Number of protein chains: 2
Amino acid sequence: MAIDFKQDILAPVAQDFAEMDTFINEGITSKVALVMAVSKHVVEAGGKRMRPIMCLLAAKACGAEDLAQQRKLAAIIEMLHTATLVHDDVVDESGLRRGRPTANATWNNQTAVLVGDFLISRSFDLLVDLNNMTLLKDFSTGTCEIAEGEVLQLQAQHQPDTNEQTYLDIIHGKTSRLFELATEGAAILTGTPEYREPLRKFAGHFGNAFQIIDDILDYTSDAETLGKNIGDDLMEGKPTLPLISALQHTTGEQHQIIRKSIATGGTAQLEQVIEIVQQSGALDYCRKRATEETEAALAALMALPDTQYRQALSNLAQLALHRIQ
Amino acid sequence: MAIDFKQDILAPVAQDFAEMDTFINEGITSKVALVMAVSKHVVEAGGKRMRPIMCLLAAKACGAEDLAQQRKLAAIIEMLHTATLVHDDVVDESGLRRGRPTANATWNNQTAVLVGDFLISRSFDLLVDLNNMTLLKDFSTGTCEIAEGEVLQLQAQHQPDTNEQTYLDIIHGKTSRLFELATEGAAILTGTPEYREPLRKFAGHFGNAFQIIDDILDYTSDAETLGKNIGDDLMEGKPTLPLISALQHTTGEQHQIIRKSIATGGTAQLEQVIEIVQQSGALDYCRKRATEETEAALAALMALPDTQYRQALSNLAQLALHRIQ
């Protein structure tokens with residue numbers, strides 16, 4: 001039976017989610033009109049708000065009854081996520097995100113850099129109000145690792161020798177770490193430190209699977225339905241797992257074509273590279289890795305009590321995997 | 001008698017300053033080579049480290065004996081300052097700072113944005129280690145205001161109707177707020193909350209004077225000796241106090257030339273505008289305002305005990321003012 005996002009994931013925390021969403025908007029306050037306009041624009045362009053939902057579900061799965069604090073945390077996580085997207089779009093020179101014009105495209109790079117800085121600072125400001133030193137330390141260390149993951153990705157750009165371990169380091173920083181903060185943070189705030197480690201593992205593996213799946217979609221036609229273009233990563237010379245795996249699966253001319261396309265980026269041999277990736281068995285390997293990461297995520301969840309909230313987290317991980325099935 | 005920076009300002013905290021400098025370098029740790037390279041580059045390109053010196057002097061002026069914690073705070077402030085400079089240089093498309101190539105020029109905008117993000121996060125991470133909630137709240141609110149000041153400056157760009165109050169709001173955010181954090185933070189860490197307000201006032205007025213002086217130097221030939229070009233702000237259409245004041249001091253054609261040059265930026269009438277600013281009495285007004293701000297800073301200092309450290313802070317304010325005399 002197919003998993004339904006609203007019914008099988010969101011429903012158990014729907015009320016808290018709605019209140020959380022209000023808090024995101026209330027949390028963005030500034031006397032500077034341009035700060036307000038840009039912040040509203042990027043926060044409203046948000047997607048499914050997967051990170052805050054995970055935070056709320058994790059809190060409930062830890063046994064929290066009233067989520068007053070955790071709703072604020074969930075909103076902060078979405079704000080932090082938004083801040084990283086605003087800077088990512090500057091870095092990638094993206095004009096569209098989820099079909100809407102990005103901040104850098106609507107205004108300019110300058111505005112996007114500075115409003116991104118505001119959103120990072122405001123996230124910390126709201127986080128300090130939660131008055132929990134353990135939480136603050138987790139987040140301050142975590143945001144360093146997120147930034148490091150982004151820089152590592154930049155460092156690996158156009159490097160055909162990038163291996164799977166470096167790829168995993170990159171995606172742990174740029175993607176999985178924030179999922180970890182969302183769920184670990186919920187355990188910290190709920191006062192159930194015993195669930196911190198299993199939730200971190202769940203979120204870390206989930207994040208890895210999520211990013212591997214995203215990188216697979218960059219090489220499959222399904223991507224068009226998601227507002228993503230095939231070959232975006234390739235154009236930028238990003239050595240994602242499909243390319244790393246394709247290098248493992250090929251020799252001779254095909255191998256050289258992929259190496260060269262990572263090194264140079266651009267469109268020159270775009271269709272040829274996509275064909276090699278699709279026919280080399282690289283995508284099968286990526287799907288296998290995404291499935292393994294999802295299974296590791298689900299296994300970690302078993303340390304938590306069997307509740308509808310744990311089930312919803314499990315459903316989320318399975319739904320993400322369905323994107324490539 | 002002329003004030004000497006080393007003798008009359010730095011000397012009373014020279015030993016702590018040296019240890020603080022070591023901590024700045026130790027504080028920058030990352031497994032990512034590119035993060036290390038860029039961070040070292042920008043931190044080493046630092047200037048006189050005025051903010052950390054003020055922090056150390058303020059701590060001593062509050063009666064602190066051992067500065068173990070305050071040295072860390074001083075290093076964090078310099079790191080935060082460096083982070084804002086890295087993003088400023090992206091925003092202003094600057095190729096040189098203090099005669100050295102900027103991060104965006106040496107690497108690229110992408111790297112500068114992301115390493116700037118790392119430095120902001122790392123500053124917070126080190127700040128959390130100081131384990132002081134009052135300090136954390138002051139800094140998290142303060143960094144929001146710094147970002148807002150930067151965005152307000154962007155919003156005012158090319159706006160000839162910008163008034164002196166808006167200009168003061170901009171410079172309070174982009175410049176004075178970090179000076180305030182440096183000295184207020186020292187009072188908080190030293191456990192002398194009674195000195196927090198006078199030190200904040202001192203640093204706020206000092207910062208205003210400092211920025212007004214910097215903006216005057218953009219229109220006087222002395223600037224060339226400081227590695228700054230005449231007319232940089234004008235080129236970018238920034239309505240700084242010399243231009244705002246020149247609009248007050250002129251009518252007719254001269255008035256229109258200045259309005260137009262703010263609105264359009266660029267070089268078209270550069271020399272003419274500089275001449276109008278210099279001859280209109282605008283710079284005299286700016287010097288008067290810088291002097292008033294310096295006097296307000298010195299007056300606020302009087303709430304602190306009469307020590308060599310208070311004297312050194314006073315010397316610093318007077319030395320800054322000498323730049324335009």
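**Close-up views of a two-chain predicted model**

View 1. The side chains of B:Asp125 and A:Lys137 form a salt bridge, 2.8 Å from N to O. A salt bridge here is a side-chain nitrogen of Lys or Arg within 4 Å of a carboxyl oxygen of Asp or Glu. Side chains of opposite charge can pair when their charged atoms come close. The rule finds 4 salt bridges across the interface of chain A and chain B.

This is a predicted model: local features need pLDDT of at least 70, side-chain atom pairs count only at pLDDT 80 or more, and totals for chains, interfaces and linings use all residues. Residues are numbered from 1 along each chain as its sequence is written, chains are lettered from A and ligands numbered from 1 in the order in which they are written, and side-chain values use heavy atoms, with hydrogens and water left out.

**View 2. A:Asp129 meets B:Lys137.** The side chains of these two residues, A:Asp129 and B:Lys137, form a salt bridge at 2.8 Å, N to O. A:Asp129 sits in helix H7 of chain A and B:Lys137 in helix H8 (residues 133-156) of chain B, so the pair joins two chains. Helices (H or I, at least four residues) and strands (E, at least two) are DSSP runs, numbered from the N terminus. A:Asp129 is partly exposed, at 47% relative accessible area. B:Lys137 is also partly exposed, with 28% relative accessibility. Buried means under 20% relative accessible area, exposed over 50%, and partly exposed in between (1.4 Å probe, protein chains only).

**View 3. Chain A and chain B touch.** The contact takes 41 residues from chain A and 41 residues from chain B. Contact means heavy atoms within 4.5 Å. Together the chains bury about 3,600 Å², 72% of it on carbon and sulfur atoms. Buried area is the accessible area (1.4 Å probe) that two parts lose on being put together, summed over both. A:Leu114, A:Met133 and A:Glu148 supply 17% of the area that chain A buries against chain B, more than any other three residues.

**View 4. A:Asp16 and A:Arg71 pair within chain A.** Their side chains meet in a salt bridge, 2.7 Å from N to O. A:Asp16 lies in helix H2 (residues 14-27) of chain A and A:Arg71 in helix H5 of chain A, so the pair ties together parts that are 55 residues apart in sequence. A:Asp16 counts as buried at 11% relative accessibility. A:Arg71 counts as buried at 16%.

**View 5. A:Asp306 reaches A:Arg310.** The side chains of A:Asp306 and A:Arg310 form a salt bridge at 3.4 Å, N to O. A:Asp306 is exposed, with a relative accessible area of 63%. A:Arg310 is buried, at 12%.

**View 6. Eight side chains of chain A link up.** A network of salt bridges links A:Asp138, A:Glu145, A:Arg177, A:Glu180, A:Glu184, A:Arg196, A:Glu197 and A:Arg200. A search of the whole structure finds 52 salt bridges over all chains.

**View 7. B:Thr102 sits in a loop.** The loop runs between strand S2 (100-101) and helix H6 (103-106) of chain B. B:Thr102 is buried, with a relative accessible area of 3%. Leaving out residues up to four places away in sequence, B:Thr102 touches B:His41, B:Asp89, B:Ser94, B:Gly95, B:Leu96 and B:Arg97.
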